[in-house]
Amino acid sequence: MAKRYFKNIYSDSHESNSNTYHEFWKDKVNSLMQRVSRNASSSSKNTLYTGSTGIAYMFYHLAISSEFKNDPSTYLNKATKVLKLKENSFTQKKSNQFISGDAGVNAVSAAIYHQIGDEKTAEMYLKYFEDGVTSCKPIDSLKPGDDELFVGRAGYLYGVLWLEKVFGRKLIPDQDVIDICLTIVESGRAAHGLCTILQALISFPCFIKNEQKDVEDIKKCIDLLISLQTPTGNFPTKILESGSKQRPEEDELVHWCHGAPGVIYLLAKAYLVFKEPTYLECCLKCGDLVWTKGLLKKGPGLCHGIAGNGYVFLLLYRLTGDKKHLNRAIQFGKFIFTDECIQGSRIPDNLYSLYEGLAGTVCYLSDLMQPEKASFPFLDVF
């Protein structure tokens with residue numbers, strides 16, 4: 001079968017200075033941003049994942065970037081224009097779906113209006129988001145296994161973490177957070193999206209401090225997970241693919257949504273929380289795998305593309321300070337614009353979206369200009 005990735009022929013021995021490419025990145029960001037802007041109305045959905053809200057987030061990301069701060073009003077005006085394309089197509093209250101639902105729409109809308117200075121509208125959307133707490137707490141409010149990032153309670157908690165950084169204050173009382181975490185623990189100890197569920201749980205100091213027995217069980221789960229890391233550094237996409245049923249090496253998935261490029265965020269957070277060197281070692285193995293097999297033919301996006309894999313190196317750079325990882329991130333960014341990549345990549349189903357398409361690529365390229373602040377959207381572990 002044909003390989004899922006382009007062969008990486010870039011040098012891993014020299015250090016690239018991100019400042020060298022400053023004007024190159026800026027030019028590419030502006031070019032791609034304009035393409036996305038012209039096609040924003042083509043989205044039929046209103047979600048962060050493949051819809052117009054994800055595009056609005058791209059403009060917000062540029063508006064708060066230190067490299068584009070000279071003209072934030074232009075990006076914020078574009079963001080609000082995109083939000084208004086679908087503003088009547090979602091139910092505003094008590095939604096807990098973040099990446100794929102209305103909680104994400106409410107969160108990003110609140111952040112954008114807050115950045116503009118329209119606090120009345122920002123607080124309105126913030127209230128809509130906060131109303132989602134009531135639907136997260138009951139264990140029977142979601143089907144078993146629906147706690148994950150895209151449609152479940154873990155995603156809602158990532159929204160909480162992100163919004164508290166945006167607004168610089170606590171938004172959800174600690175007890176509500178603890179109650180949601182306990183519901184996640186009770187509802188099941190394995191599910192689609194296990195890594196992001198575990199990461200969400202260990203991201204709240206109030207939960208770690210007050211529920212130490214549950215945290216011990218969560219750590220055991222993390223330790224079990226790292227025991228499944230393959231010799232190449234990857235992870236099975238599901239438990240049924242471990243051990244003797246492991247995918248053949250040539251068929252392994254190296255995506256943010258399936259494999260090491262997604263698991264690394266849990267491992268990095270676990271290293272920061274528990275201080276165990278083993279977790280960092282696992283992170284570095286993930287990085288080496290992504291360097292070898294991460295130039296994906298599926299396109300330049302975040303979920304299963306080159307930009308999403310490039311964020312692995314920006315994470316490792318912030319985690320270790322080793323410029324090798326920054327060099328790797330730069331090489332991935334450069335490859336996106338090569339003829340080999342342009343001609344040999346699949347066109348994503350949602351070309352202009354945040355997670356599948358060019359809006360996510362714009363976020364990655366702009367973060368290459370400020371690597372000390374870079375983070376995969378909504379997954380900052382620091």
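I begin with a definition: a residue is called buried under 20% relative accessible area, exposed over 50% and partly exposed in between, with a 1.4 Å probe and protein chains only. By that rule, 57% of the 382 residues of the protein chain count as buried.

Two remarks on the source. This is a predicted model, in which local features need pLDDT of at least 70 and side-chain atom pairs count only at pLDDT 80 or more, while totals for chains, interfaces and linings use all residues. Residues are numbered from 1 along each chain as its sequence is written, and side-chain values use heavy atoms, with hydrogens and water left out.

Now the overall fold. The protein chain has 17 helices and 0 strands; these are DSSP runs numbered from the N terminus, helices being H or I of at least four residues and strands E of at least two. Its C-alpha trace spans about 50 × 50 × 35 Å along the principal axes. Of the contacts with a separation of 6 or more, 72% join residues 24 or more positions apart, a contact being heavy atoms within 4.5 Å.

What does the interior contain? The largest nonpolar core has 130 residues, and W162, Y355 and F378 have the most contacts inside it. Helix α14, residues 306–320, supplies the largest share of this core, with 10 residues. Such a core is a set of buried Ala, Val, Leu, Ile, Met, Phe, Trp, Tyr and Cys residues joined through side-chain atoms within 4.5 Å.

Let us stay with F378. This residue lies in the segment after α17 (358–368), and it counts as buried because its relative accessible area is 8%. Leaving aside neighbours within four places in sequence, its contacts include L48, Y57, F98, W162 and Y355. Most residues other than glycine have a negative phi. F378, however, has a positive phi of about 70°.

K275 also has a positive phi, near 65°. Is K275 buried or exposed? At 59% relative accessibility, K275 is exposed, and it sits in the loop between α12 (260–274) and α13 (277–293).

Finally, K78 belongs to helix α3, residues 72–85. Its relative accessibility is 28%, so K78 counts as partly exposed. Beyond its neighbours within four places in sequence, K78 is in contact with M33, S37 and F59. F59 is 19 residues away in sequence, yet the C-alpha atoms of K78 and F59 are 6.7 Å apart.
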